[in-house]
Structures are given as C-alpha cells and as structure tokens.
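Subject: Structure handover

Hello,

Here is the structure I promised you. Please open it first, then read my notes below.

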Amino acid sequence: MTINGTRITFRMTPFRLVLIGFSLIFVGIVAYRLVNGLQMTNLTDAWPWGLWIYVDVKLGVALAAGGFTTAGIYYVLGVKKVKSVVKPAILTAWLGYCLVGFGLLMDLGRWYGWWHPIFSWGEHSVMFELYMCVLLYTIVLTCEFAPVLFKGLGLRKVSSFFTRLTAPLVIGGIALSTMHQSSLGSMYVLTLGKLNELWWTMLLPILYYSSAVAVGPAMVTCETALAGRFFRHDWDAPAMTYLAKWSGYVMTFYTVLRVGDLAVRGQLTALFALDTVSLMCLLELVIGCLLPLWFFWSYKLLGREMTQTMIVRNAVLMVLGVALNRGNVVFTGMAKAAGASYFPSVAELFLTFGLISVGILIYLFIVENFDVFPAHDQQAAPGPAQAHG
Amino acid sequence: MRRKGKSFGAGARLGAIEKRARRVGRKRREMARDRSAREIISAEDVDDMETKSNKGLPCSRRFFLKGLGAAGLSGALATLSGCKDAGKPSGGEGWTPQQYNAPGSWPVQVRGRVPIDPANPSIVRDDRKCILCGQCAEACERVQSVEGFYGLPIKNDITCVNCGQCALWCPTGAIGERDDIARVLRVIGDAKLHVIVQTAPATRIAIGEEFGMPAGSIVEGKMVAALKLLGFDRVFDTNFSADLTIMEEGTELIGRIKAAGGQHESEDHGHAPTALPQFTSCSPGWVKFCEYFYPDLLEHMSTCKSPQQMLGSVAKTYYAKKKGIDPKQIVSVSIMPCTAKKFEAARGEMNSAGALAGNPELRDVNFVLTTRELARMIKRKGIDLANLAPQPYDSLMGEGTGAAVIFAATGGVMEAAVRSGYYLLTGQNPPDALLNLTAVRGLQGVKEASLEVPGFGELRVAVASGLGNARQLLDQIRADKQAGLPPRYHFVEFMACPGGCISGGGQPKTSVPPGDWVRKERIRSIYAIDATIYKKRLSHENKEVLDLYAEYLGQPNGELAHRLLHTTYTDRSGSLTAKNKA
Amino acid sequence: MSKGVLVDMTKCFGCGACTVACKLWNEKKYDEVNKPTLGEAAQLVDINWTVVSKHDVTDQGGHAAWRFAKKQCLHCVDPACASSCLVGALRKTPEGPVVYHPDLCVGCRYCMVACPFNIPKYEWDKSFPKVSKCQMCFTRVVAGEQPACIAVCPNQVMQFGDRDQLVKTAHQRIAANKGLYIDHLFGETEVGGTAWLYLSDQPFDKLGFKTAVPQESLPAYTWQILSKLPAILLGWTAILSGIYFINKRRNAAAEGKLDRTGGPQA
C-alpha cells in the first residue's frame with residue numbers, strides 16, 4: 001500500500017513503543033469498561049464527573065480550539081503568513097475532537113445510546129447544544145482535513161471536492177466552535193449555588209470562549225514547537241509571532257473581563273482569602289494570565305522582537321493556565337458542594353493516558369505519511385528517534 | 001429564523017413533550033402524531049439554518065441542502081418509526097398493600113407502622129420483611145394505648161414500653177426481639193465463666209409449640225434438660241423468685257394497709273411508700289408505661305423488683321457466697337416470655353448485687369433471651385425437645401410453688417399474693433375457696449374481686465392486663481385521687497400484655513393475635529400445674545425461699561432485702577407529651 | 001393542576017413506613033447496613049429514593065429533641081435536572097412529578113451536577129446504570145392516587161394536593177401556630193419553588209436541608225444564554241461570511257485573479 005506514491009512508513013522508537021504499550025492497556029480498559037460500566041472509576045454520587053470529563057472533554061475541547069482559530073485567521077481574516085500552521089492545526093483539532101468524542105463515549109453510563117440526542121432533543125440543555133455542535137464540528141473538521149487524506153490516498157477528485165467546500169466549512173466550523181466553546185462554560189451556569197463564586201458568573205460562556213480563542217493558537221504554537229523538534233522543521237517566525245500576538249490580545253481581553261467580573265461581583269476579598277480554593281484561583285490567574293501577559297506586554301511596549309523562547313514559554317503558560325481554569329471549575333470550585341474527596345482511579349488515569357497515546361500515535365502516523373507540513377518530505381525527513389534522542 | 005427561536009422556548013412544544021410522558025390512558029397514535037410534528041419542525045429548522053449560513057456559495061449550497069435535508073428527513077423517519085420512544089418512566093413496578101391504593105384523599109384506616117428506635121434494647125425490625133400491613137400500629141395503639149397517646153412533635157425519645165406486642169402481631173416476622181443468642185453462646189463457650197439460667201413461669205407452657213407440640217403443652221422438665229444440653233452450668237427457676245416476690249410484695253402490701261390504718265411496723269425503714277392501692281411491679285412493660293403516662297401514680301408501685309431481677313441479684317450474692325464463686329465469674333441469663341425484660345435487665349439501677357459488692361458495673365442479669373430465642377437455640381443445636389427426658393431444676397434456686405407458676409397468667413400475681421397475704425394477715429393458710437380465685441382469672445381486660453379476710457375485713461383487689469385496659473383503671477384511680485376519695489382497691493395487678501405473660505411479646509408466634517384460643521390453652525395449663533402438678537401452692541411454704549431468708553436475707557422487707565430486692569422508678573413524663581386519647 | 005406535597009416535619013416520629021412503601025412500590029433493594037433509609041446515617045442513594053434522617057435538635061422549650069426529616073426529590077417547579085438533560089429523559093410533567101425515562105438516558109450525569117439539592121443518584125455498580133431518584137409515584141398520581149409514601153404515613157405527616165392550594169394552607173398553618181412553626185415554608189421560593197413543601201419548628205439547615213440555594217429558577221439563568229444562541233449563530237455566521245468575502249475580493253484584486261477556493265493547496 002502506498003500513500004502519496006510512497007510506501008507507508010512508521011518508525012519504531014522507544015517513545016513510540018511506550019505509547020503503543022499505553023494504547024494496548026487502553027484497549028483493554030476500554031473493553032472492560034464497555035462491558036462492566038463505571039465501577040472501575042472512583043466516581044461517586046458526590047463526584048459524578050471526574051478526570052475523564054475534565055481531561056477528555058473540558059480540556060480536550062479547549063486545547064483543540066487551535067483548529068478553528070487558525071483556520072479562521074487564515075481563511076476568513078486572510079492572514080496568509082500563518083499558512084504553515086493551518087493544516088497541522090486542523091489535524092490536531094480533528095484528532096482532538098475524535099478523542100473528545102471517544103472520551104465522552106467512555107464517560108457515558110449508557111454509551112450504547114450515544115445517538116439518542118439526535119432523535120430526542122433536550123433543547124433546553126446546554127449539554128444538548130454541546131453534543132450537537134461537537135458532533136457537527138467533528139464532521140466539519142473531518143471534511144476540512146479530508147483533502148489532505150484523499151490526496152494522500154490518490155483520490156484527487158474527492159480531495160478537490162472537499163477542497164472546494166473549505167470556505168463554508170471553516171465559517172460553519174467557527175460558528176459551531178463559538179457555540180460549543182462557550183457552552184462548556186454555560187454548562188456550569190446551572191451550578192449556581194454549588195460552584196464557588198470565584199468561578200460562577202453569568203460571563204462563564206464568554207470567559208470560556210475567549211480563553212479558548214486565546215489558548216487555541218497557544219496550543220498550536222506548542223505543537224508546532226514540539227513537531228519542529230521531532231521533525232526538524234524550521235521555526236516559522238512570522239506565523240508564530242502572529243499567533244503569539246493574537247493570544248496575547250485575546251488573553252488580555254479575557255483577563256480584564258475575568259478580573260473585572262470578580263471585582264464587580266465583590267469576589268476580590270474571597271480571591272485573597274488564601275485558603276485552598278483562593279490559592280488555586282490565584283495560581284490559575286498568575287500562570288494563565290498575569291505571567292504571559294507580563295511577558296507579552298513588556299515585549300510589546302518595549303517594541304522588542306518576540307523570540308522563539310518567549311513565544312513558546314508564553315504559549316505553555318497559557319495552556320497551563322487554561323488547564324488550571326478548567327480543572328478549578330470541575331474540581332476545586334465544586335469540592336465544597338460535593339462534600340467528599342475524589343481522586344481518579346488507576347483505570348481512569350490509564351484510560352486517559354491511553355487515549356492521549358493513541359492520539360499521538362495517529363498524529364505521528366498521519367504527519368509522516370500525509371502532506372501535513374508544508375515542506376515535508378518524508379523520505380528525507382529525519383526520524384523522530386534521532387530528533388528525540 | 002424567528003420560528004426557530006420560538007420553538008426553543010415555546011411552551012406549546014414543551015407541552016407536547018410532556019404529554020408524551022403520560023402513558024397511562026394515552027393513545028399511542030396520538031403520541032406518534034405529536035412526535036412527527038415535532039421532528040418535522042426540527043428538520044426544517046436545520047434546513048433553514050444552513051440555508052442562511054451558506055448563502056452565496058454557489059458550488060456547494062445545493063449539495064449541502066440536499067445532504068442536510070436527507071439527514072433531517074431520515075431523523076424524522078427514524079423517530080416516526082419508533083426508533084426513539086420516551087419509554088416507560090422509572091419505578092412503579094412494585095406493589096403496596098391494597099389498603100393504600102385508594103384514590104385521592106380516601107382515609108386509610110390502618111396505615112403505617114410503629115416507630116422503633118434503632119437503639120431499642122428489646123425489639124428490632126427487618127424492613128425487608130415489612131409489608132406495612134399496619135398490625136403493629138394497631139397493637140400499639142388499640143391494644144396497648146401507647147402509639148397515638150402522645151403529642152407531636154416528639155421529644156428526644158421514641159415512646160416504647162418494650163412490651164413486644166407489635167412483634168407478636170407482626171404477620172411477616174419483620175418485628176422481632178433483639179437477638180442476643182450469639183452473645184449468650186459466647187459466654188457459654190467461655191470455660192472460666194459460670195453461666196446460670198432462669199426460666200420464667202410462662203416459658204414452660206409455650207415453648208413446646210415451637211416444636212410441634214399442642215398449644216399449652218407442659219414441657220418444664222424437657223426445657224430444663226435442653227438448657228443443660230445447651231451448656232448452662234445451672235438451671236434455676238424464676239418460680240423460686242416469684243415466691244420470693246410474693247413474700248416481699250405481700251409484706252409491703254400489709255405494711256401499706258397497716259400504715260393507712262395508722263399502724264406503723266417497727267421494721268419500716270421510713271422510705272417505704274404508703275399509698276394505696278399498691279400496684280404490682282413484675283411486668284417491666286407496665287412499669288415503663290406507668291413511668292411514661294402516670295408518673296403521679298408511681299408511689300403506688302410496689303418497690304419490689306420483678307422475679308427476674310430478684311433472682312439475678314440473689315444469684316450474685318447468696319448463691320455466689322454459698323457456692324464460693326466470685327460474682328464477677330457468674331453470668332446470669334434469663335429465659336423470658338417478654339421483650340421488655342431485656343430493657344428491664346439493662347436499667348441502670350438493676351445492679352444491686354454489684355453495688356453491694358462495690359462493683360456497680362456488674363449487672364444483676366446479664367442477658368435476657370425470649371422464649372422464641374431459646375427455641376431457636378435449641379433447634380440450631382439439633383436438640384429434639386419433644387423427646388428429651390425431663391430433668392429437675394438445680395437446687396438453691398430451683399424450687400417453685402403453684403402460687404409462683406400462676407404469675408404467668410393474668411390475675412396470677414394477685415391470686416398468689418392473696419394466698420400468702422391471707423397467711424401474713426391471719427397467721428393461717430387460706431381456705432380452699434381462696435386457692436381458686438376465679439374472679440381474677442380469665443382473659444377479661446379488667447377484673448375486680450373483694451374478699452373477706454378474718455380479723456382484717458374486706459380486701460378489695462383489681463386486675464388489668466393489656467395496657468389499654470390498664471389505662472381505664474388508672475384513669476379511675478387518678479380521678480379518685482384527685483377528688484380526694486378513699487382508695488377503691490387495696491391491691492391492683494397490672495400486666496402489660498393481654499392475658500399476662502403467657503402471651504408476652506417474647507412468646508412463640510404460633511397463633512398471631514388477636515385470636516384467643518392459644519392464650520386460653522396456655523392459661524389452662526398454668527392453672528393445671530398449680531392445681532395438680534406442683535406439690536405446694538403457697539409461696540410462704542417454699543423451702544428454698546425460707547432458707548434464703550434464714551441464711552442470708554433475714555426478714556422480708558428487711559434491710560438487706562431492701563437493698564437487693566427492691567428498686568426505684570423514673571418519672572419519664574418528660575420524654576413525651578402524654579395524651580389521653582389517640 | 002400541578003400537584004405538590006406539604007410535609008409537616010413536627011408530626012414525624014420516624015417510623016420509616018414511607019421508606020418501605022417506596023421500596024415496595026418501586027422494587028428497590030434493601031441494604032440497611034451500608035445504605036440505611038432511617039436514622040442518622042440515612043442518605044439518598046441509588047436504592048433509596050426516600051429516606052428519613054434523624055437530627056438532634058433543641059426544641060422550642062430549650063430541651064433536647066429529635067426531629068425526623070423525610071428526604072426525597074423535591075420535584076422543582078422549574079427543575080434544573082430536566083433543563084440539563086440533553087435527551088429529555090428527565091421531564092417535568094403537568095401533574096407535578098419530575099419523571100425520569102431510563103430508555104432515553106445516555107448517562108452523561110449532567111443532571112447530577114446540575115441539581116441544586118444533589119438529589120439524582122447513580123447506579124455505579126451496574127454495567128448500564130440508570131439515574132435514580134424519586135418519581136413521586138408518577139403512575140399513581142396520574143391514576144388519581146397518592147404517592148405511596150404519603151398513603152402509608154401513620155401520622156399523615158404529608159398532605160398531597162394542588163401545590164398552589166398547599167402553599168396557602170401552609171401559610172394559614174404557620175399563622176395559626178405561631179409558637180410551633182418557624183416562619184419559613186421550605187420549597188416555596190427555593191430554586192424558584194418545589195412541589196414538595198416543608199413546615200418545621202426547626203431551622204431547615206438543622207434538619208439536613210440545603211438552604212443556601214438560589215431563590216430563583218436555575219434554568220432561567222441558562223435560558224438567558226441559550227435563547228440568544230440562534231441569533232448569535234446567525235449573526236456571527238453572517239459577519240464571518242462578510243469578512244471572508246471582503247478579504248477574498250481584496251486578495252483577488254491583489255493577485256489579479258480569483259482564487260475560487262482559497263484552500264491551502266492552491
């Protein structure tokens with residue numbers, strides 16, 4: 001079998017062997033879970049949602065926001081200099097959403113009924129909106145990435161058919177993403193009285209959406225930096241700088257809104273109560289907002305050229321900040337209302353590791369065999385083993 | 001697009017969904033129509049939305065419309081064909097007793113059940129067996145006048161006299177005694193401990209029923225043999241302490257009568273109450289009932305302990321001393337027809353022997369088993385009670401008279417007291433007519449008698465069994481007292497359970513009340529033992545009792561007797577808001 | 001007319017008949033050791049749709065007293081769980097009960113997160129678990145009968161009727177028994193109102209009730225956001241399309257030809 005006229009390649013490296021190991025464990029856990037239910041988790045009536053919802057859904061969707069943001073920047077805003085990151089971003093978003101879908105399926109107690117929402121609408125439910133958007137957006141992403149896949153498989157006509165759909169797909173994708181990225185926040189509007197006031201606000205949808213728009217390009221930056229190291233790509237400075245600025249401005253907007261909201265709702269004293277909850281909130285704000293914005297604006301105001309290190313560091317901080325924010329909403333902010341403690345079981349942890357491993361393996365496979373990176377020539381490309389080692 | 005916005009919030013569509021939930025009395029066809037209408041709207045909405053979003057894209061618009069139209073249609077079709085029905089709501093697949101399935105606010109007459117504190121020492125309930133038939137509540141309220149006779153909200157107690165009639169009435173066995181078998185087996189298995197057991201008068205005519213014998217079968221000797229096989233070191237008879245009770249209670253009665261007549265006995269220790277009538281105190285359910293509802297009449301309560309507790313305290317003093325056993329090594333078990341006895345044994349003040357020996361932790365009676373529990377123990381051990389060779393009770397506390405055994409039946413304590421009271425008042429044994437005091441026998445709730453005692457005059461007595469019946473007498477006595485009238489009676493016997501101990505809350509459930517047949521058979525056997533089987537019929541002739549006084553206690557109602565055989569009572573009216581009517 | 005239940009907690013003496021009626025009628029398993037339905041440790045779990053919890057309090061006279069609180073789903077007037085369900089498996093019926101349809105449920109457990117009273121429980125030990133909560137004996141109610149727990153109560157602690165009427169009755173009772181009840185009808189305004197209403201002589205937080213809940217309907221908050229989404233979706237799509245076409249025309253003008261697709265392959 002050939003792709004792009006060449007033989008399929010998949011280099012074995014120790015890193016990949018570990019990932020395959022995780023993936024095999026993952027398959028076993030999945031099989032066991034599908035048959036035996038959620039007994040293997042540490043979920044309880046007090047903690048109906050745990051690690052899977054947090055990592056596989058909340059975080060996964062937020063970090064996969066790079067797909068619609070970069071696509072939007074490139075296609076809609078017409079910023080051509082980010083071209084090099086668009087295809088990898090769409091690929092990671094597509095894989096991300098597939099994994100999110102699978103993670104959600106694992107979390108569903110009656111997973112065999114995953115299709116029920118299509119026919120039985122709970123239109124008052126944010127979850128319904130989220131489900132529909134994620135479902136449609138996954139299809140949209142599949143279509144967006146389809147040209148690369150079909151081209152690789154030699155089906156040029158199919159590929160060009162999907163290529164012609166790109167514009168409506170991207171616009172539809174942004175619309176769908178706007179809805180469900182904000183919905184991840186709206187979901188917690190219903191927890192008024194349960195979710196700690198440091199996080200509960202009617203602005204949750206806007207905060208979630210804006211942080212996703214900021215963290216999407218940041219995540220793309222991280223991925224590009226990693227992929228660049230593995231595959232020895234050149235650092236596309238104009239594209240990366242553009243994304244860093246984008247994230248910086250949007251994160252500024254988010255931070256102003258977030259802190260302003262806390263101030264308006266009179267939560268600033270609670271923010272500095274210095275108990276576990278407030279410390280977690282401060283940590284989230286410092287890592288995700290204050291530090292990256294400090295770096296960003298100091299470069300910006302001094303008129304300095306942003307270096308690769310600074311861009312990547314900022315991106316990493318933002319990703320961590322958003323991870324903390326989502327985790328705080330799911331766990332820290334709900335802990336008091338739950339009145340019990342939760343720590344994921346081994347099975348929960350390994351299913352999550354496995355899911356991520358599978359994602360990385362598929363990513364590596366596609367990157368090595370399909371035309372994802374612009375100047376990519378898989379024959380000449382050094383194996384990731386060398387890069388890794 | 002306005003239509004879409006509307007359909008999101010519109011009550012009309014919501015109504016349609018809700019209607020679908022109501023399956024009872026709904027036609028399926030109607031539901032299908034509702035559903036199809038809804039889905040078609042949905043599909044159109046999707047089309048509408050996509051049309052707008054793809055405006056101005058000539059190359060893909062048609063394809064998009066077609067594709068989404070097809071998807072929407074197939075969704076609608078799938079829904080129409082019943083792919084996704086709301087299905088049955090959760091729950092409601094079980095049953096409740098017919099009485100509760102009445103429509104609307106129809107007043108259910110017999111409903112619910114009695115409350116039982118999980119810490120109740122006497123009775124427990126297994127919810128798995130409860131069918132909410134309401135029989136326990138019937139027994140508690142209508143027979144015993146406990147439930148419903150206190151106001152709500154409750155205080156910090158679930159009012160319960162521990163009588164166990166609810167357990168006896170319970171048709172499914174959901175309510176039973178708190179099972180102490182395991183604890184008793186553990187002490188029997190401990191070789192260092194000297195485990196003694198006493199059996200109440202009413203056990204010997206009832207336990208046979210558990211082994212297929214006719215109602216009222218007298219199995220005294222077989223029961224003793226079984227207890228010895230079970231490993232008890234000594235088997236004593238509560239009849240012994242029933243005779244002892246008569247000596248004490250009779251003496252107390254005469255003291256009260258004389259005090260009322262202005263005479264004072266030299267051995268009066270100043271703390272003996274003088275109120276008449278005197279109430280019997282053998283039935284712990286009755287005692288607690290009086291403490292709850294008639295604390296103002298507690299001065300009428302005989303200060304004598306019940307026979308169970310008397311034997312318990314004598315065992316750890318007199319018996320221990322005579323046999324040279326450390327009281328701490330003695331474990332005292334009793335077999336009772338009664339669940340309230342478990343409560344009685346656990347009362348704080350029931351530690352006379354220990355208190356006397358300076359070890360107040362020591363209980364006079366350690367464990368109380370009901371007749372039913374003993375039957376279970378015997379069955380588990382594989383002992384065939386019916387075919388055992390009878391054995392006698394052990395000495396020192398094994399002798400009993402007919403006057404003691406009739407304690408088991410309502411009126412029996414009264415009759416026994418009259419027999420010995422006659423002797424104490426006149427110095428002579430009663431005439432034969434007084435040995436069969438039929439006026440106080442039988443299942444009638446309240447009985448009265450009046451007898452002529454030479455040199456004393458008229459002795460007026462009354463007997464009540466079942467606390468609802470007791471309440472009638474008590475209200476009368478209370479009213480008389482408040483009106484300053486002279487006492488109507490000299491002596492009143494109260495038994496918590498209707499018919500007395502023979503149908504106590506711990507007896508075999510061979511015949512679930514309210515049937516009287518088994519009760520009557522048991523009572524007949526009790527009087528048969530008194531009349532024909534035992535050699536003696538008078539408590540003051542019990543040789544072992546007389547020895548106890550001679551060798552250890554001294555005089556009835558004497559100093560030591562008071563410390564070991566008499567007790568005090570607690571006003572429990574603060575634990576509830578008593579009401580006269582349910 | 002939407003039905004409701006008025007519970008007078010001063011009348012409960014803790015027999016637990018209601019919990020047994022619930023188990024009988026709904027065929028729930030018993031586990032008094034690990035999941036008791038009565039007493040201090042009683043808590044709602046998958047097999048316990050209703051429990052009677054015991055609380056040590058101080059009565060009006062300053063004496064130690066026991067109070068028993070019957071707990072079950074409160075059947076909100078505007079239930080957060082029903083609004084949270086993405087398949088409509090939880091529904092507020094016109095008769096009052098909030099009913100769960102397991103055949104629709106996909107098991108996302110958003111209802112459990114959404115419920116302000118933490119009522120819905122989950123059958124964690126099952127392969128295909130259901131959400132588990134009181135159905136207010138929906139099938140009995142539509143048949144004109146009382147919920148099982150209410151029918152069996154020996155003290156008639158609970159009164160079943162039209163919710164609106166019960167609210168009036170409750171206020172009359174509070175007014176007529178000033179020394180007894182505290183002036184708070186729990187469930188009248190909590191989370192916008194619940195079908196189950198409670199009278200008590202004790203502050204409700206002492207009886208294990210969650211009193212720190214919003215006094216408005218929770219779905220109304222979500223609806224403020226959700227109802228705007230179609231407009232946002234449309235407007236946003238239109239804006240994006242507009243920007244797209246402007247940029248495309250500008251690019252085309254710059255490059256001198258019309259890029260038909262604008263794809264990265266071009």
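Start with Val152(C). Two residues are in contact if their C-beta atoms, placed from the backbone, lie within 7 Å. Neighbours within four places in sequence are left aside here. Val152(C) then touches Thr96(B), Tyr100(B), Arg111(B), Gly112(B) and Leu132(B) in chain B. In chain C it is in contact with Ala17(C), Cys18(C) and Ala21(C).

A word on the source. This is a predicted model, where local features need pLDDT of at least 70 and side-chain atom pairs count only at pLDDT 80 or more, while totals for chains, interfaces and linings use all residues. Residues are numbered from 1 along each chain as its sequence is written, and chains are lettered from A and ligands numbered from 1 in the order in which they are written.

Now the core. A nonpolar core is a set of buried Ala, Val, Leu, Ile, Met, Phe, Trp, Tyr and Cys residues joined through C-beta atoms within 7 Å. Buried means 20 or more other C-beta atoms within 10 Å of a residue's own; exposed means 12 or fewer; partly exposed is in between. The largest nonpolar core has 348 residues. Val152(C) and Ala21(C) are among those with the most contacts inside it. Helix 6 (residues 126-152) of chain A gives the most to this core, 14 residues. (Helices, H or I of at least four residues, and strands, E of at least two, are DSSP runs numbered from the N terminus.)

Next, where B meets C. 47 residues of chain B are in contact with 53 residues of chain C. Helix 1 (2-9) of chain B supplies the largest share of chain B's side, four residues.

Chain C has eight helices and 10 strands. Its radius of gyration, taken over C-alpha atoms, is 25 Å. Buried residues make up 56% of chain C.

Last, look at helix 7 (residues 218-226) of chain C. Its buried residues include Leu218(C), Tyr221(C) and Ile225(C). Seen down the axis, the buried residues fall within an arc of 155 degrees (directions from the helix axis to the C-beta atoms), so they line one face of helix 7. The face turned away carries the exposed Ala220(C) and Gln224(C).

Best wishes

Technical notes:
Rg over C-alpha atoms; globule rule 2.2 N^0.38 Å.
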